[in-house]
Amino acid sequence: MREYRFNVKSCFTPENVIKLLFVCGCILRIRYAVVTPVTMRGHDIWELSVDAEGKAAYLLRLIEWGKLPDSYEQQFYQQPFYYLLSALVAVVMRGLTGIEDAAFLVNAGKVVSCIASCLSLYLSERLLREFCSVKVRGYGMAVLSFTPVFWLTGGRLGEDALTFFFMAAVILGTVEWEKQPDWKHSILLAVLYGCGMMTKISLAFPAFYTAYIFWKNRKSSRFIPKMAVFAVIALPLGLWYSVRNFVLFGQPLGYVPSMGEVLYRGDRSYVARFLSLDIKNWLTSPYANPYQDYNFPVYLLKSELFGEFIYDMPVWIPTLLLLFSTLLTLCVAGIGIYKICRWKSVPGKKRPLIWGLLFGGYAAISYWKLPYGCSMDFRYYMMLTVCKVLVLCCFLDEEPEGHFAQEQLLLQKGLKGLCFLFTGFSILFFVML
């Protein structure tokens, strides 16, 4: 008989580690969605009743009445695709179980969010595959799998997780279109943009990058017909609800409801809000407070991990998690700034830097146009973590050379260590919930 020996090295290859991290990330998201009540750590859900005006009422009206909102009051202005998908899942759940309870039906929204969050992890890995070698992708996957904002939004009633899915999908779709600008990729990209804008109108923002790639490839075969078909598919899909509400109710295009004076932060200077790092606020508490905080960089660092909530656990756990995440983010930001300053001499792999500038600009513009505490919440800007991971892994892929080779090697080792520490404390944070 042949003797079989278990070889640890052959089992834990870089490819298998990436697959394991992906599975663990999905398990984390599913576990959180299953055990977390739909009313916990949510946003604008309000009463679980068709007579309310929150996100729960939006979904329940679709389930019970089979109709879209008859006004644009409160949360009824939201684009409908996420709620249509959730209503479909709720109807299936009700048909299989016979349960009519509102809380049970509203949980269908978490099912859609959780699936979207898991699929987004897959798309993010696909983006890593485009730019980084297999030997460093595991570090990026560890950060993506265990960053809390992804499983927080994946266990929530709301369009954030699905919006992030479409953000990642249109960027990856643009990459694929650039490599192969045929009819199949053109139509797929149009559908992704249309459904994405039907989820959140902010999906129009990455279209600036896609338009740039289209323009670069304007000499490709049958370019004008493809762009015409792209517009015919994407624009009606993405804008029909906005046009409907404008015609029926006079809802302004691009409408966002007022957040109220209690959340207003426009009375602070631009330096205090955008151009400084509020160390005192960072040290005071690991948690973001939309009613008091105004410093954009620190709020992003905090809400990427904890959202806008406080957790019942020893404070040293979130504090150390925030410390490791902040060090990792600041190091990657410094690398990105250095490479942007040396733009002409940086060889290849510039797309992650462009995306970082694009989505960083989107986040800053959003807070500038809507200067409210909740406008800084990282749940709107999750593509920034993907950009951070791409820049990180591209740097880890580099072979140190030149006068500062030893320093670069030391920095690479330090960043790998930070990835391990961040992952470990993120898991500890999840276990302590």
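Trainee: How many cavities of 30 Å³ or more does the structure hold?

Mentor: Three. Before we go on, this is a predicted model, where local features need pLDDT of at least 70, side-chain atom pairs count only at pLDDT 80 or more, and totals for chains, interfaces and linings use all residues. Residues are numbered from 1 along each chain as its sequence is written, and side-chain values use heavy atoms, with hydrogens and water left out.

Trainee: What makes something a cavity and not a pocket?

Mentor: Whether the probe can get out. On a 1 Å grid over the protein atoms alone, a cavity is a set of points where a 1.4 Å probe fits but cannot leave, while a pocket is an open set with protein on both sides within 12 Å along at least five of seven lines. A residue counts as lining if it has an atom within 4 Å of a point. Grid points are joined across faces, edges and corners, and the volume is the space filled by probe spheres set on them.

Trainee: What lines the largest cavity?

Mentor: That cavity holds about 140 Å³ of space. It has 14 lining residues, and Thr-163, Met-167, Arg-379, Tyr-380 and Tyr-381 are the closest to its centre. Helix 9 (160-179) and helix 17 each supply at least two lining residues, with the largest share, four, coming from helix 9. Helices here are DSSP runs of H or I with at least four residues, numbered from the N terminus.

Trainee: How do you know which lining residues are nonpolar, polar or charged?

Mentor: By residue type: Ala, Val, Leu, Ile, Met, Phe, Trp, Tyr, Cys and Pro are nonpolar, Asp, Glu, Lys and Arg are charged, and the others, Gly among them, are polar. The largest cavity's lining then divides into eight nonpolar, two polar and four charged.

Trainee: And which residues line the second largest cavity?

Mentor: His-43, Val-149, Leu-152, Thr-153, Arg-156, Ser-303, Gly-307, Asp-377 and Arg-379, around a volume of about 40 Å³. Helix 8 (residues 148-154) gives the most, three residues.

Trainee: On to the pockets: how much space lies in the largest one?

Mentor: About 1,100 Å³. Its lining has 39 residues, with Tyr-77, Lys-200, Val-256, Met-259 and Leu-370 closest to the centre. Helix 17 (residues 351-369) provides the largest share, four residues. By class you get 19 nonpolar, 13 polar and seven charged.

Trainee: Which helix gives the most to the lining of the second largest pocket?

Mentor: Helix 17, with eight residues. That pocket holds about 870 Å³, and its lining has 20 nonpolar, seven polar and two charged residues.

Trainee: Why is Val-247 called exposed?

Mentor: Buried means under 20% relative accessible area, exposed over 50%, and partly exposed in between, with a 1.4 Å probe and protein chains only. Val-247, in helix 12 (residues 223-249), has 62% relative accessibility, so it counts as exposed.

Trainee: Why does Asp-312 count as exposed?

Mentor: Because its relative accessible area is 79%, Asp-312 is exposed. You'll find Asp-312 in the loop between helix 15 (296-306) and helix 16 (316-341).
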